[in-house]
Structures are given as structure tokens and as C-alpha cells.
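Subject: Structure handover

Hi,

Here is the structure we talked about. My notes follow below it.

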2 protein chains.
Amino acid sequence: MQSGSTFDSLASKTRSISSYQLAKILGDWPSVSRRGPLYARLALGIRSLILDARIPYGVRLPGERSLATELHVSRRTVSSAYALLRDEGLLMSRRGGGSSTQLPPGRSRPGAPWGPAVGQGSNWFDLAIAAIAGDSRIALSLAKVHEVLPHYLAQHGYAPQGLLPLREAVAEHYTRRGLATTVEQIAITSGAQQAISLAVEALSNPLEPIVIETPTYPGALDVLRRYRSRVIDVGLDEDSESLRVGMRQVLPRLVYVIADYHNPTGRLLDTAQREALARTAAECGSHLLVDESFVELGFEGASSVAPLASVGGEGRVISVGSMSKSYWAGLRVGWVRADRAVIARLVEARATFDMASPIIDQLLAAELIRTGKDMLDYRRQMLRAQRDALVEALHSHLPDWKFQVPSGGLSLWVNLGEPISTVLVARAESYRIRLASGTRFGLSGTLENYLRIPFTLPPPDLVVAIERLSAAVADVNRGWSLTAPIGEAFV
Amino acid sequence: MQSGSTFDSLASKTRSISSYQLAKILGDWPSVSRRGPLYARLALGIRSLILDARIPYGVRLPGERSLATELHVSRRTVSSAYALLRDEGLLMSRRGGGSSTQLPPGRSRPGAPWGPAVGQGSNWFDLAIAAIAGDSRIALSLAKVHEVLPHYLAQHGYAPQGLLPLREAVAEHYTRRGLATTVEQIAITSGAQQAISLAVEALSNPLEPIVIETPTYPGALDVLRRYRSRVIDVGLDEDSESLRVGMRQVLPRLVYVIADYHNPTGRLLDTAQREALARTAAECGSHLLVDESFVELGFEGASSVAPLASVGGEGRVISVGSMSKSYWAGLRVGWVRADRAVIARLVEARATFDMASPIIDQLLAAELIRTGKDMLDYRRQMLRAQRDALVEALHSHLPDWKFQVPSGGLSLWVNLGEPISTVLVARAESYRIRLASGTRFGLSGTLENYLRIPFTLPPPDLVVAIERLSAAVADVNRGWSLTAPIGEAFV
């Protein structure tokens, strides 16, 4: 009865996926694994979509006959695949209700929505999230916050647009970067994730076209799903040429772009490319939602490239910043820089979500932005060393994998040479490595050939992680696949 | 050009309101002010709706002829009213674009979305938000957090469901209240506001009926607007009988209720009434979204009433808690207690909003919940004294106003005896008192007869505030109305 009543309301949110849609995102499933009977490979394809969260749980799958027709296979192939998934606890069938995906009891999905790995034992390497640990100097800065806290404790503690000292620090930082900024142009958010959410809500309508590059930051994709935006994804390239072509084709309201040390590829657009992008945005009447989460993490000498907002029109560029990548994600402090009209809309929308950001973290962030230069320099050196260690480990253990060496950011974007990303990520779990498969960085379910590997661990750990990963690769090459009992893959 | 490009996208979000809708929310506008020409009273009515944010800015008003027909007035009356509002900067007319509401340049609205007063000079009394200042003991607890922080700084800092120590503290607190609770049943949120947002998203669909009591917490109303819920509001009564009747009539998916020191009325449901509510919820297949933000603030001896979740089915009741009212809103720490299936959905939805809550505040909240008993006892005594001071001040300065004296919570819900709430709140601003008009606590634009007055200031301040308020009342009774130059009302 108890869980029953809950189930009712969950069921009321049940979505379904058509044969056509499923066939589309399954893509070339028979060749994803070149081994095993057809039904097992179909099960693998569907299982990958579920584990990868491209099919959320609670979604009703198409009927066996209809899917069989769509895929040009026998109904028996589909029913055997469904049966296998049922045995694994990934499918639940109810009388007359068809088969719905479900989260196997007690299992937390590796996949979406994009978010940190939930609960991991010791001796795990979490490479699913590209984020680095905090710095003990943050504790020192907290002591400074301590001194001013009583003043703020004397107030009720709501600051919808953000505390003035933090907005001052952020505005000064932009101004130092060559982009004159006032406190009125800044709104503090709960990390870049909320900043992106609010910007998409304030500047676009559901079903309006929004152009993104693929691969891109999965958290942004989750936001676009939430707002049911019509997402047009173009392949990422070095100079954002494809992006500009895509913009001219659909004249999008909004374009999400990471110009500084792109996540996951590390691409850095130069000034000329930014100017071209800004020109195209002006031609198309598009807003550029520019995610600068990684801008501080250039370790071949800090980026001297002009902020996109300084080459684009004031009203045209919405810049998103965050403490999470450069300082510590545990702060949950981000911000938006935009013109006042946009900021007013964001602050208004934000209040209905969660009112405001916490005072202590805002004071701490202000202190860090003002005094954190040494910390950042140290972290850049550290990241450079970690990047080099990861590159070397990959060269020696997985020499066939191809990637470009980025001049900043937190990760390598690796071409595996074959579509094994989802399978490999699942297998890696049994070696206590948590990774995000390449498919998480796009919408269309491609990118099975790619894997993001963050260099966010100390060099010795990265070496061990890559050794373990190469063992997982060997298993996959020896024929291990997700059709192996799924329990195993998630020990 | 710059702001131009922004304007385009804002314009794309322009909504409009029909003559029928406007006439409906205008209600009995000719009698709201019994003075001045008809066009001025119509302007007053529309102005109140704008200032009160029941008509957001950027909304296109109906054409003059159509509204005139709907209101049975001459077109000249409507055009004069529009002209007046244009002169005041509340309406903007574009060629062919009709008249749209706008925020007068440089003005921040007192009204929605529900949120803290933005920027206030010295010698202002902010009674728009029912929240009390923090306590210096919070700074002491922060020192304890300091000791454990290094351990957390060594991790990437994402905790989507919330830090275990905080979920343990919250679960233990529920268990002490007689409601056995495990850490799996708790998700930490950014205040009660986010908890309500996530619960509504996870447990209801747009256009599904959700029953609320009127008056109620404006932040919850903003959430229901955001999710385009079909809100059925019933009048609040002592024993929630109307609520139960309303539930039986519409069999809502979700019911939002404040059982402990209701905001704004302070009503406390007893155990029998809670049991009746839980039975009705079971009959109707409804979920109860129970906002317990004020549960710690009973100052006639802490509430010995059983939590609703302990009399309702586990799967049926979603309890929302918060540190904001009992400790400090500057923490932005709240939580949801529900069964695991619901918690899983909330955590998933939360990640796409803003990933997780900040580490430091969660550690601080855990410390406060564990050790804050003395602080709470002190605050209850303080609030009781403030309540008594407010009651006395009202009796002596505004003896005609009627209210019940609550045994907990943060505010009095005062019946003004005439529909002047919006006008009075606007006038009070010129006496440097910020208040929320009664209309903010309901959807249908009634409650013009009511005013929430929080007893969240020290007794001497409350006395001065009520003296000023009575002066504002005198102005209104002498005929001052919002048709006075609006600048004046917002000095």
C-alpha cells in the first residue's frame, strides 16, 4: 500500500518509446558487439541505452511485434532480448502494461542525469566526474570568512542576486580580464549548472531551436532535455566552423558553447574564431550562452584570449562562470554575467527554484577570487603534471588510442577506434574505475568510439587507473560484453 | 543593438492576458478604492495586480475596446486608465504591439516571485520576509566544521543526495520526534523552496490538480505556477475540513499543506485532524506534501503533535524540512523525507538543476541539528516575546484589526476589515516598512482584507514599525491611494 501509493504516482509519469525512436537510438546495434547471438546483441544495445540513461527508467518499451518489424528481426529475437533484460532486472513487465525499464533494486545508475558518482568504496578511482579535490588553503580562507560572519548573521540571510562582496569580486575579475563589468551585470548561482538552467529558461521557450556542439557538457544536455528544447547538435571542430554553419541554417535563439578548454575535448577558440562566432550570432539574432567554467585552467600559461563577451554584443552574450572546476565543486558557487535585463529575469526565475545562495559560501568564494592566485597557479602546475602522466600512461598501455593533448581543462577526449565505450565503462566498474562513456557527451547516441578520461587524480593513481583500464579493454577484446551477468560488471 | 538583441528574446517570451482573465483577477475593482474617478480606480486595480506581480511584467494587456466591453465601462475609461499607467512607467505601448506591463526603469518589484527584499537602506524594517537573523552561536558551530573540513576538501565535493552526516542528523531528529527514519529516506535540498520544487516536479504533471489552502506560503504558489499545475485552492480553516472536502471533490495527485504553525496564520493541526487528513489522502489516492519549515517554532512548549508522516502512509506523505526558519535562512539547507522511490526521483531531478548542496553548509547544519537545542530554546523565548510585543502594539495603535494569536511560527495574519492591503503595503514603503500584501498569499487575488505581519524584529523595532504602519493606514483612510504619483509610494 505504502510503496503502492508511491508507485501510482510514479506510474503516472510513465513515458514510452516508440519502435521508431528505439530503432533510431539503437543505431547500428548488430555491429556494436560483433559476437553472440542476435537477441543477445539486441539486449546489449538496449541495455547500453538503459545503463547509459538514454532510456530513463520507468519508460515503456515498444511491443515485441512492433519492434521486430521496425528492426527487421524475428519477434522471437525481440522476446528473447526482453526476457534476458527481465532476468537482469532491467525490465519489468506488467500484465497488459508491456515492458518498462527499471533500475535494478539497490543499483544506482552510472549514467544520467549527469551527476557525481553516488557512493563508492575505498580503492575506487572516480573518473566519471571531471573535478579536482579542494585545496587546504580553502580552509584558511574560511577562517577569514569567520571574521566577517557576525555582520551577516545579524541579517535574515537572503540575497537573491548574490552578496555584493562576491558580485564585486566577480565583476573585478572580469574587468581584469579586459571585460569591463559592473555588479549589476552579475547574478550569483548555485554553480554553473544552475546558471545554465536559468539562462535557458530565461532566454528560450520549449521547442525553440538551441544549437550545441557534440561532444559537449552532459549537464547542459540535461538542462535542454528538461526544458524540452529542440536541440540541434553539430559536430565539434577546431575553429567552430560547423557551429557557425549550423547557426546560419536554423537561426537559433540560443547557442551553448564552451570556448575555453572545452569539456570534454579541451579545445580553445582563438580571438579570431571568437570574433567570427560573435559575427555569426549577430547575423542570426542568436544569444551565445558561453560556459567559462574552465577558463582559469589553462596551464600552458594562462589564456590570453579575449572573453567572448568582449567581442560579442553586450546583450548577445551570456557568460557563465563557476568556482567548481578551478577551486572546489563543494562550494557550489557559480555566476552569470549578462546585461541587466537578462540578469533581472534570471534572478526572478532563481527565486522560485531555491531563493538564493548560502552566505558563507559566497563570502568564501569572494575571498578566494580576491586572494586565490597562488592556489590557481599551483593547481595549473599540478594539472599539467597530471595531464602529462595520463598521456604517458595511455601511450604505454593503450598505444592505439588517439587523442589531442589539450593546453588546459581537466580531461582527454580519447578515440577508442571501435564502438566499445559503454561496454568498456561497464567493465571498468569491476576494476573499481568509474568513467563516463563517450555517449554521455552527445544526444544522438553516437560517440560510442570515444571516452573522456579526466586527469583529475595524482599521477601515481592515474597510472594505476590506466593499468586497470587496459585490463578492462583486454576483457572486452576477449569477448566480455554486457551480456555477461550484469551483477558482475557492477561489483 | 545590444539591448535590442536582448529585447528580441525577451519579447519572444511575452505572454498576454485576455479581457476575461483580467476582469476575473481584477475582481470588484470599483469598490477597492471608494474614491476618485472610475478610470483612476481601474488604473489602481491594474496597478495593484502589476505591483503585486499577479500580472508579471512583459505581459500584453487586452485591447481597450475588448476590456471596456468585458468590464462594462466606456472605452475612454480604459484608455485613460492605460494612459495613467503609461505615465507611471508601468505600461509600455508599442506600435501595433498593444500595451505591455513593464517594470519601471530601475525599480525592483515588491511582489513576485516570492523572494527577499532586494536592497534596502538603513532604518528600513523588512517585514516582507518572515525570517529571523542568525545567531552568533552559528559562528561557533562553524569553528567545529573547520576541524573536519580538510577531510572533505580531499574529495571532489559533489554529494547529490546530501552529505551522510547531515542525513544522519536529520534522520535521527525525525526518529526522536517519533518517526523512525533512515538516511535513505532523506535528500538534502537548497532550502524548503527547492524541496517543494523537486517534489512537485517528481510527483505531479503539468495541469494535474493540486490542492492548497488559501492563504498559504507564496513560494509554494510560485512553484505551482512554474509547473503550470492546476491549482485548486480552498479556504484555510482551523481543522482543515475544507481541505478534506476539496480533496474528495478533485481527487488531487498532490496536496500542499502546512500542519505545524501554518504560514501565514500559525494554525497548528492536532493529531486527530492529521489522522483525518491522512485518511482522506488515502481515500483520494493523494500525496501529502507537508511543509514542516516551522515545526521547531512552537513557543508554548515544543509541539507534541505527531508528524503527519507518522499517521499517514509512508508512501503517501512527503515531508519538507528546513533550517531557514528555525536557525538561519543564510544556510540554504532544507530536506525532503519520503520513501526511497520518491527520494531517488528527487535526487535525479535535483542534479539537473544545480547538482548538489555545498559541503560546508551541510556540515554546519548537521552540527546545529545535533547541538542546537539551547539555541532553539532561546529563539522560542525570543519569538514569544516578540509576538507579545507585536500583539500589544497592534492592540494599542490599530485596535480595529482582528487576528488570532498563534502558539508558534513567525507571523500574525491580520484582518484589516477593508480591502486595502495592496494600497497599504505600497504606502508603508514611504515609511520605510516593507510588507507583503495579503494578496501574495493566495492565487485568486482575494485576501485584499488581510496582511501578514511577522514578529521577526526585536520588540522596540516592532513597536516603531507598527507606529509607522498606523500612520500609513491613516494616510490611506485620508484618501491616499496608488493613484498618487507612484514615485512617492516607493521613496
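Cys284(A) is buried, at 11% relative accessibility. Cys284(B) is buried too, at 10%. Buried means under 20% relative accessible area, exposed means over 50%, and partly exposed lies in between (1.4 Å probe, protein chains only). The disulfide count over all chains is 0, where a disulfide is a pair of cysteine sulfur atoms within 2.5 Å.

Ground rules. This is a predicted model, where local features need pLDDT of at least 70, side-chain atom pairs count only at pLDDT 80 or more, and totals for chains, interfaces and linings use all residues. Residues are numbered from 1 along each chain as its sequence is written, chains are lettered from A and ligands numbered from 1 in the order in which they are written, and side-chain values use heavy atoms, with hydrogens and water left out.

Cores. A nonpolar core is a set of buried Ala, Val, Leu, Ile, Met, Phe, Trp, Tyr and Cys residues joined through side-chain atoms within 4.5 Å. The largest one has 100 residues. Leu288(A), Met323(A), Leu288(B) and Met323(B) have the most contacts inside it. Contact means heavy atoms within 4.5 Å. Leaving out residues up to four places away in sequence, Leu288(A) touches Met247(A), Val255(A), Leu277(A), Ala278(A), Ala281(A), Leu308(A), Arg316(A), Val317(A) and Ile318(A).

Sheet in chain B. Helices (H or I, at least four residues) and strands (E, at least two) are DSSP runs, numbered from the N terminus. Two strands pair if DSSP finds at least two bridges between them. The sheet is open, has 7 strands and mixed pairing, and runs S6-S12-S11-S10-S9-S7-S8. S6 (186–189) and S8 (230–235) of chain B are the edge strands; each has a single partner strand, so one side of each lacks a neighbour in the sheet. From one strand to the next, the twist averages 20 degrees. Helix H14 (340–354) of chain B packs on this sheet and touches S6, S11 (317–322) and S12 (334–337). The direction of H14(B) makes about 25 degrees with that of S6(B). Axes are lines fitted to C-alpha atoms, for helices over the stretch in contact, and angles run from 0 to 180 degrees between N-to-C directions.

S9 (254–257) and S10 (287–291) of chain B pair in the parallel sense over 4 bridges. Val255(B) has Leu288(B) as its bridge partner in S10(B).

Helix pair in chain A. The axes of H9(A) and H15(A) (340–354) come within 9 Å and cross at roughly 115 degrees. H9(A) contributes Gln194(A), Leu198(A), Ala199(A), Glu201(A), Ala202(A) and Leu203(A) to the contact. Among the H15(A) residues in it are Val342(A), Leu346(A), Ala349(A) and Phe353(A).

Two peptide bonds to check:
- Asn263(A) to Pro264(A) is cis, with omega about 15 degrees. Pro264(A) sits in the loop between S9 (254–257) and H12 (271–284) of chain A.
- Thr214(B) to Pro215(B) is cis, with omega near 0 degrees. Pro215(B) sits in the loop between S7 (209–214) and H10 (218–226) of chain B.

Leu207(A) is not a glycine, yet has a positive phi of about 70 degrees. Leu207(A) lies in the loop between H9 (191–203) and S7 (209–214) of chain A and is exposed, at 62% relative accessibility.

Best wishes
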